[in-house]
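Hi everyone, thanks for coming.

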Amino acid sequence: MRTAPTRGARTGLLAAAAVSLLLLPLPAAAEPAAAGEPHQDNPFVGATAYLNPDYAELVDTSIARTADATLRDRMSAVKHRPTAVWLDRIAAVRGGEANSGRKGLRDHLDLARSQKRPGQPITATFVIYDLPGRDCAALASNGELALDQAGLERYKRDYIDRIADFMADPEYADIRIVTVIEPDGLPNLVTNLLDPECSRARSSGIQVEAVRYALDRLHALPNVYTYMDIAHSGWLGWETNLRGTVDLYTEVAEGTRAGLASVDGFATNVANYTPTDEPFLPDPERRLIISGLPLKSSRFYEWNPAFDEADYTAALWSAFRAKGWPATTGMIVDTSRNGWGGAARPTEASTSGDVDTHVRQSAVDRRGHRGLWCNVAGAGLGRAPQAAPRDAPGAHLDAYVWVKPPGESDGASKHIPNDEGKRADPMCDPDHIASNAGGNPTGALPGAPLAGHWFHEQFTMLVRNSRPAVPASPDGSDNQAPDAPRAVHGTLARSTSVALAWDAAEDDGVVAGYDVFRDGAKVNTGPVEGTVFTDTGLRPGTAYTYTVRARDEAGNVSAASAPFTVTTQPSGPAAGGLRVTHRDNDGASGNNAVRPGLRVVNTSSRSVALKDVTVRYWFTRDGGAPVTVWCDHAVLGCSGVTARVVTLRTPVRGADAYIEVGFPGGSLAPGADTGDVELRLGKGDWSDFDESDDHSHSPATAHADAPHVTAYLDGARAWGDEPS
């Protein structure tokens, strides 16, 4: 298994709950105690979110130190975004003098009730973070409880029981209390077992028992929602790590009184910096091959197929479903510090033919290594808290949340006396070279305070580099249009219709929908809620130009996307000039790989430039797991072949995706063929395909004409029948 670099999770100071809609402070008069509602599938939908006045006071200290008026206004806007409250020690539950004067759990719940709007739910999010032997592989955020039976009993009696007793008070029955369970706790038990402390944590069973106890006590309360922390894509994204993680979490949940039902979902990227999306590095079903190498082979990704949190949550959800978890299992992503705006952010994909250069010039994650986690320079605020975001449909997201309050330190590089169990960590030292992170400098900001303490310089950087940019709006109102949608492209052009898709627009609030324009005229009758649209009633063999605009819930409208021009297919049979043959290279239609062998033949009387030739092999994915294509062998050399998986936004009979094969160069003389191109498809969870109903599949194990594999010359269909 891969191991994660030593990394402390990050304690929270004062913060407040996540997530759905932005909420302005309301008068302090609370509603009378109300009966609780039934447990919801997604607690964030339809709810406002608690704003922690303690966090607002910390932001005010930075505003007072900032001369730039526009930056001050942007900082003020951050005060209106909900963050999570970290209960990082027993004193944080009680609050008061023992907690440095900060509010305790009951104080926050009382304030949440006072902010609740009549007739509308409110969420309040709390991080459960005091595991015995906490953060066994780190120093910056070690905890107060020892990894022994005495520590476990204190965790149960003085920590979890008190939290559960407060939350069980009928006064709070109408608050949707969201809990994030023990950041970095169980992930350390998957990958960091070479560390003696982590090995002892796993073998003793103490941390597993502690997490089970927390789930038992909290799940028993119908208005409490439990999301288990599950690290991030740069830690657990490798297939081996992910499988081990899913196995452990399943074992832990099955050992609770309610079994898998004790968990509402999983929280990723907590207090980390991994982007939700890498816009210039295509998703797993469209991964580029550079000079014969997949992008995941780069030094930055180290063969990890999960480039971002959208990839990771989608793979997690599929893997948990395969282990019997319910379809209602949701994901939340901490987007508080993963925006990566600023001058260093790439604006387009690299054109380099070197895989490492291509990744470094294209990735918005500017860290030297994905294992660097402490007060990282160059980061920015990410997506605003939002319920049920629609821009990553395969990820099954319940919400974007700000679990780590922006501006709170990840840890100190030098010893600072404290009674919180926190120590200096070399990963927080900007002069340290991290041998367990590729031999890279840590990239940490200098002068950091203890984990969870306010770090003005970090907060200023995060606001400056926010992406989407935080508006200069002191009252938190939305006066900023979304960014223009990116990468408008066609997924399937027929004779009378074109299926379009695009990358989701970014906005400081919530994108409410899109408008699609054909040759300058709007063609959708109502807002397009997703990032796909099929335009119908078109003329065969005709070129059309499309643009897309986004609009947010406040009515702000983006600029138009870059134009995309596509020509519909001519009516009638294929134009000819090419022929494709196929053979099934494994002779089976029900295993975990699809292995088509293809050849393209030039049947015309002229030489054909291979760069003008594309081939589509149509198949069904048989589930929601990401699908990757590899070139196993090609007479032209795998560097002379490109292959990607394209998902159909609207499935058709016999296909919900296709492999698109292309050739970067070369030519075919009349009558010549490409020789064998042997491909292989596999799923992220290695589950089986059923090829028997695939449009392009044939069981023949010797090459034969393939009328259901389509070939295109200069964009026009020259061979084969598309599925309908």
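Let's start with a word I'll need all the way through: buried means under 20% relative accessible area, exposed means over 50%, and partly exposed is in between, using a 1.4 Å probe and protein chains only. And a word on where this comes from: it's a predicted model, where local features need pLDDT of at least 70, side-chain atom pairs count only at pLDDT 80 or more, and totals for chains, interfaces and linings use all residues. Residues are numbered from 1 along each chain as its sequence is written, and side-chain values use heavy atoms, with hydrogens and water left out.

Okay, disulfides. A disulfide here is a pair of cysteine sulfur atoms within 2.5 Å, and searching the whole structure turns up three of them. I'll also be naming helices and strands: those are DSSP runs, H or I with at least four residues for helices, E with at least two for strands, numbered from the N terminus.

Take Cys136 and Cys198, with sulfur atoms 2.0 Å apart. The torsion about their S-S bond is about 100°, so this disulfide is right-handed. It links distant parts of the chain, 62 residues apart: Cys136 is in the loop between strand S3 and helix H5, while Cys198 is in helix H7. Cys136 is buried because its relative accessible area is 11%, and Cys198 is buried too, at 0%.

Next come Cys374 and Cys428, whose sulfurs are 2.1 Å apart. With a torsion of about 95°, this link is also right-handed. Cys374 sits between helix H12 and strand S10, Cys428 sits between strands S11 and S12, both in loops, and 54 residues separate the two. Cys374 is buried at 1%, and Cys428 is buried at 1%.

Cys631 is partly exposed at 25%, and so is Cys638, at 22%. Number the bonded cysteines in sequence order and the pairing reads 1-2, 3-4, 5-6.

On to the rings. Rings of Phe, Tyr and Trp (its six-membered ring) pair if their centres lie within 6.5 Å; planes under 30 degrees apart are stacked, over 60 edge-to-face, and the rest tilted. That rule gives 14 aromatic pairs. One of them is Tyr155 with Tyr159: centres 5.4 Å apart and planes at 40°, so it's tilted. These two are four residues apart in helix H5, which means about one helical turn separates them, and both are buried. Another pair, Trp502 and Tyr514, is edge-to-face, at 5.5 Å centre to centre with 65° between the planes. Trp502 is in strand S15 and Tyr514 in strand S16, so the pair ties together parts 12 residues apart in sequence. Trp502 is buried at 2%, as is Tyr514 at 4%. There's a cluster as well, where ring pairs link Tyr249, Phe266, Phe320 and Trp325.

Last thing: charges over rings. That counts if NZ of Lys or CZ of Arg is within 6 Å of the ring centre and within 35 degrees of the ring normal. Arg360 lies over the face of Phe300, 4.3 Å from the ring centre, and Lys683 lies over the face of Phe689, at 4.8 Å.
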